[in-house]
Amino acid sequence: MQYSSTRNNSLSVSSAQAIASGISSEGGLFVPKEIPHITAEFIESLVPMTYIERARAVLSLYLTDYTKEELDEYTEGAYGTGFSSADVAPTVSVGGGLNILELWHGPTCAFKDMALQLLPYLLTGAAKRVSGGKETVILVATSGDTGKAALEGFKDVAGTRILVFYPEDGVSPMQKLQMTTQKGGNVGVCAIYGNFDDAQTGVKRIFTDPAVKAKLDENNMAFSSANSINWGRLVPQIVYYFSAYADMIKQDIIKNGDRINFTVPTGNFGNILAAYYAREMGLPVNRLICASNANNVLTEFLTTGHYNRCRPFHTTVSPSMDILISSNLERLLYHLSGNDSDEINRLYASLAKTGEFTVSADILEKIKSLFSADFCDDTETKQTIHTVFEKYNYLCDTHTAVGVGVYEKYAAATGDAAPCVIDSTASPYKFAKAVLEAVGAGKELPPDEFSMVDELEKMTGTAAPKQLKELKNAEVRFRKTVRTDEMEAAVYSLLGIK
């Protein structure tokens, strides 16, 4: 299996090279040159397997330069401990035809753990092959969940450092505490004045700056990424779509070969792109339903073909989706354009210059054949949390509720009765204030975050994850906030480079 770049289709690198680099030198994203195809027998073989076994089976199709022994070790290390569910990512039928894929049973209580518990293994394995002994510097922009999951995954991993930038006012209090109290001798965290798009743009700029690369070379260091621009972040996410389908067979909800839909709350497009790869591999998927919050740039694009980031930015109760520049969309457009890197360069030059682009009629037709899209604002999101809890005694976080709300709109508009799996991306206790407001419907809120957690437990009869409750007495280690033009200097400072 070889990988090319969305902006240079003549490039050909191994999966280890793609993962170690994180992003291609010209700014493109690594993509597989060919998407592997699976059979009905392959899917049937997954049904009796554990999640770890399913992960090995799917990953081996993409990571062909890693040995079987390495993948055995890595998947066991990633998923063998640290998850509160023995099933790792269980698919739960909660009632009313709602099938919820719970992706938040990992150590940081968010779906990013599904990839970021594995990525350190993949990256250190890749570095042994291609880095020439350099220390790997992981640079991360986060809208909340990626930061903590990456910090936890790379904490004290030999041969690595990890630096995380997050928007000062763009994450929940619990997400902020998770990052600023992070333990580990190789970690650094810094807030920025601005939103996630500002953080993401700053990180990509630093990544592709030859002067910064030269400075790291002088200090025997090399950048890589833990954001979903890194193929090593994306490929583990493909696994859980196969796992959910196998669970649906196991639970007698579907038979092998039946087509289902997936509804995915997404901001940076990585989570739903993984579902697209699963579909292209041959998983029987009909519609991919993209769920956005009030920052509905993806809804508009997937229905019109026009991408326009020049719009009001909304700070919402689902902050991990507060994104206007969806990086992974570039990978989808590359595939749908017939691997035309010239077209991708044209589109993204326009985005950089004008803030917008429009795809061809042919690409739009392909998009519409695959995707449906809608969005929920904060009022609808909270109403969905309230309704789902009242009807099914199931507590959603604010992002999952966006997914449920959009799926219900889709089903009402289309009459599509095909079974649907909805991604649940985080524990509701990471967003206790908004969830408590939704469930309590007008009741006075307690005065602080941890009192809200206690009240939510009491009101709903559910248990908050231990690792979140323990943050109450954790020491805050990182307090710095910088402007976006100070991010490069912050990197040097965090690395101890002059």
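At what angle do helix α10 and helix α22 pack, and how far apart are their axes?

The model is predicted, so local features need pLDDT of at least 70 and side-chain atom pairs count only at pLDDT 80 or more, whereas totals for chains, interfaces and linings use all residues. Residues are numbered from 1 along each chain as its sequence is written, and side-chain values use heavy atoms, with hydrogens and water left out.

Now to the answer. Helix α10 (residues 210–218) packs against α22 at an angle of about 5°, and the two axes are 12 Å apart. Axes here are lines fitted to C-alpha atoms, for helices over the stretch in contact, with angles from 0 to 180 degrees between N-to-C directions. The two helices are therefore roughly parallel to each other, a term that covers angles under 35 degrees. In terms of contact (heavy atoms within 4.5 Å), A211, V212, K215 and L216 of α10 meet E488, Y492 and L495 of α22. The residues of this contact comprise 5 nonpolar, no polar and 2 charged. Helices (H or I, at least four residues) and strands (E, at least two) are DSSP runs, numbered from the N terminus.

Let me turn to the sheet. Helix α22 (residues 487–495) lies across β6 (135–141), β7, β8, β9 and β16, and runs at about 145° to β7. These strands form an open sheet of 5 strands in the order β9-β6-β7-β8-β16, with parallel pairing; two strands pair if DSSP finds at least two bridges between them. At the edges stand β9 (221–225) and β16 (481–482), each pairing on one side only.

Within the sheet, β6 and β9 are joined in the parallel sense by 5 bridges, and I138 stands opposite S224 in β9. Strand β7 (residues 160–167) is linked to β8 (residues 187–192) by 6 bridges, with I162 opposite V187 in β8.

Next comes helix α6. Its 12 residues (119–130) should span 16 Å at 1.5 Å a residue, which agrees with its end C-alpha atoms being 16 Å apart; the expected span is 1.5 Å times one less than the number of residues. Among the buried residues of α6 are L119, L122, L123 and A126. Just after α6, G132 takes a positive phi of about 65°.

Finally, β1 (residues 3–5) and β2 (residues 8–13) pair in the antiparallel sense over 2 bridges, connected by a hairpin through 2 residues.

Key:
Angles under 35 degrees count as roughly parallel, over 145 as roughly antiparallel, 65 to 115 as roughly perpendicular and the rest as oblique. Ala, Val, Leu, Ile, Met, Phe, Trp, Tyr, Cys and Pro count as nonpolar, Asp, Glu, Lys and Arg as charged, and the others, Gly among them, as polar. Buried means under 20% relative accessible area, exposed over 50%, partly exposed in between (1.4 Å probe, protein chains only).
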